[in-house]
Amino acid sequence: MKTILVLTGAGISAESGIKTFRDAEGLWEGHDVMEVASPLGWKNNQDLVLDFYNQRRKQLLQVTPNAAHHALVDLQKSYDVQIVTQNIDDLHERAGSSNVTHLHGELLKARSTFDENLVMDWKKDINTGDFCEHNFQLRPHVVWFGEAVPMFQKAAEIARTADIVIVIGTSMQVYPAAGLVDFVPDHAPVYFVDPNPNIPESRQLKILREKAAEGVPRLVESLLTEADEN
Ligand code: APR
């Protein structure tokens, strides 16, 4: 069975109703990203950061996976599908994808500010005064700008063994995530589904200039047909 690496960004969740980051003049839901997604932002205004993610969490619980998330589940019938997502939503999991690696953390988890390995499921608000078992404040389990990306090694291993790559809805501006494609073997075709792609087509990279909910089901259908024929 061939392995498919699927690298997803904010664009795959856009049609579920979650706004992308860089389509709104650099603002994320009205905020400078450094204000709400950096260690300095946290130090300067913890309540603002908590409130920001509390709102994102409430929004996430009201939206559902779209046709692109569902199509990637169908792909598992004939391929070993390994999803590496930059998104902190859980829409891949809710659709039914089995192997999902979150590079930038998960909105429905909280973690201790004392021990980064102390992570817990968390669906309600995180407030100032919510403490871990060691009596340290909880924070969202997300990777902020300037922080390490612990899941990158695992993602790079997946990229090294990929036979086919699908990249969906990402501006390819944030590293190390954008650098994952550099680990992909030269013989592996790369499909990039994005209505406004930010990287050029090449012999290895084929661009499908479409929204995810249309382009991904179409691509999945053709890859399933290809698998049946082999
Ligand atoms: N279908 C597919 N792609 C879409 C759609 C859609 N319906 N709508 C928008 N896009 C594309 C845009 O053209 C753009 O290329 O999604 C991409 C969104 O880019 P960004 O907003 O930069 O999101 P992303 O690449 O995921 O950001 C990376 O930056 O702020 C950090 O940690 C955050 O994980 C995030 C990282």
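Two residues are said to be in contact when heavy atoms of theirs lie within 4.5 Å. With that in hand, let us walk through this structure, a predicted model in which local features need pLDDT of at least 70, side-chain atom pairs count only at pLDDT 80 or more, and totals for chains, interfaces and linings use all residues. Residues are numbered from 1 along each chain as its sequence is written, and side-chain values use heavy atoms, with hydrogens and water left out.

**A loop residue to start with**

Helices (H or I, at least four residues) and strands (E, at least two) are DSSP runs, numbered from the N terminus. Thr-20 sits in the loop between α1 (11–14) and β2 (27–28). Leaving aside neighbours within four places in sequence, Thr-20 touches Ala-10, Gly-11 and Ala-14. Thr-20 has a relative accessible area of 15% and is therefore buried; buried means under 20%, exposed over 50%, and partly exposed in between, using a 1.4 Å probe and protein chains only.

**The ligand**

Around the ligand there are 21 residues, and the closest are Phe-21, Arg-22, Thr-170, Ser-171 and Asp-194; a residue counts here if one of its heavy atoms lies within 4 Å of the molecule. The table lists polar contacts, meaning pairs of N or O atoms within 3.5 Å.

| Residue and its atom | Ligand atom | Distance |
|---|---|---|
| Gly-11, polar backbone atom | nitrogen | 3.3 Å |
| Glu-15, polar side-chain atom | nitrogen | 2.9 Å |
| Asp-194, polar side-chain atom | oxygen | 2.6 Å |

On its own, the ligand has 740 Å² of accessible area, and the protein covers 93% of that. Such areas come from the Shrake-Rupley method with a 1.4 Å probe.

**Strands and a helix**

Two strands pair if DSSP finds at least two bridges between them. β4 pairs with β1 in the parallel sense over 6 bridges, and Leu-5 stands opposite Gln-82 in β4. β4 also pairs with β5 in the parallel sense, over 3 bridges; there, Thr-85 has His-102 in β5 as its bridge partner. Because 5 of the 6 residues of β4 are buried, this strand is largely enclosed by the rest of the structure.

Helix α7 (residues 152–160) has Phe-152, Ala-155, Ala-156, Ile-158 and Ala-159 buried. These residues cover an arc of only 160 degrees around the axis, so they lie on the same side of α7; the arc is that of the directions from the helix axis to the C-beta atoms. Among the elements covering the buried residues of α7 are β1 (3–8), β4 (80–85) and β5 (100–102).

Methods:
A polar contact is a pair of N or O atoms within 3.5 Å; within protein, one must be able to donate a hydrogen and the other to accept it, and residues adjacent in sequence count only if both atoms are side-chain atoms.
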